[in-house]
Amino acid sequence: MVTDKRVSVRDRIVDAALELAEEHGWANVRLHQVAVRTGVPLAAIGAEFRDQDALANAWFARALTAVERIPPEALAGQSAPERLHLVIMRWFEALAAHREVTGEMLRAKLYPSHPQHWVPLIFDLSRLVHWFLDAARIASTGRARQLAEIGLTVIVLASLRVWLSDDSANSERTRSYLHRRLDAADRWLTRLA
């Protein structure tokens, strides 16, 4: 029961931070405002999240949870590019409710005077790409896995750029872009094998 209460408080904190960001922009969110919004003492928020960047990480972790919940049967019988498309789009869909704020979070992580965020961001991106590969049941190893990680990282970053400004219905522009890139990567990787 204690764990459920803790998760609930964490979710309330993240939700309040997202609400404030929608109202005033991510750069203007302060933890003391989140405390007022949630009724959770600032010290308790500090015990859960060391700073605003940790709140952003919790938002991205939520999206990854949506990827982890894809049932295996949804991937069965599909090609590697189709499985990757499903996985990556599920991640984008999980973030879509706060697309603009998500972009603001990413820009904050890249802010020039915050190099302490840059290095962890590189590792976070690498872990995310590996989760995508695993969730899509891409079983490559060795050099093939390295190439898959590099190629998929480029595709994810390029698709993220498209997604952040995609105002098409159901993110169709992003879906189409991602399909084209994954199909091209599959042809390229097949030739190397």
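A residue counts as exposed when its relative accessible area is over 50%, and as buried when that area is under 20%. Values in between count as partly exposed. The model here is predicted.

**Surface**

L110 sits in the loop between α7 and α8. Its relative accessibility is 52%, so L110 counts as exposed. L110 also belongs to a nonpolar surface patch with W118, V119 and F123. Together these residues have about 410 Å² of accessible area.

**Salt bridges**

Side chains of opposite charge can pair when their charged atoms come close. This model has 14 salt bridges. The table shows some of them.

| Pair | N to O distance | Relative accessible area |
|---|---|---|
| D11 and R62 | 3.4 Å | D11 33%, R62 27% |
| R50 and D53 | 3.7 Å | R50 60%, D53 11% |
| E172 and R175 | 3.9 Å | E172 40%, R175 14% |

**Largest pocket**

The largest pocket has a volume of about 670 Å³. Its lining has 22 residues, and the closest to the centre are L106, L121, D124, L125 and L128. Which helix gives the largest share of the lining? That is α8, with eight residues. By class, the lining has 16 nonpolar, two polar and four charged residues.

Definitions and conventions: Residues numbered from 1 in each chain as written. Predicted model: local features only at pLDDT ≥ 70, side-chain atom pairs only at ≥ 80, totals over all residues. Heavy atoms only, no water. 1 Å grid on protein atoms, 1.4 Å probe; cavity = no way out; pocket = protein on both sides within 12 Å on 5 of 7 lines; lining within 4 Å. Points joined across faces, edges and corners; volume = space filled by probe spheres on them. Helix = DSSP H or I, 4+ residues; strand = E, 2+ residues; numbered from the N terminus. Nonpolar A, V, L, I, M, F, W, Y, C, P; charged D, E, K, R; others polar. Patch = residues over 30% accessible without salt bridge, like charges linked within 9 Å, V, L, I, M, F, W, Y side chains within 5 Å. Areas by Shrake-Rupley, 256 points an atom, 1.4 Å probe, with all protein chains shown as cover. Salt bridge = Lys/Arg side-chain N within 4 Å of Asp/Glu carboxyl O. Buried < 20%, exposed > 50% of the residue type's maximum accessible area, 1.4 Å probe, protein only.
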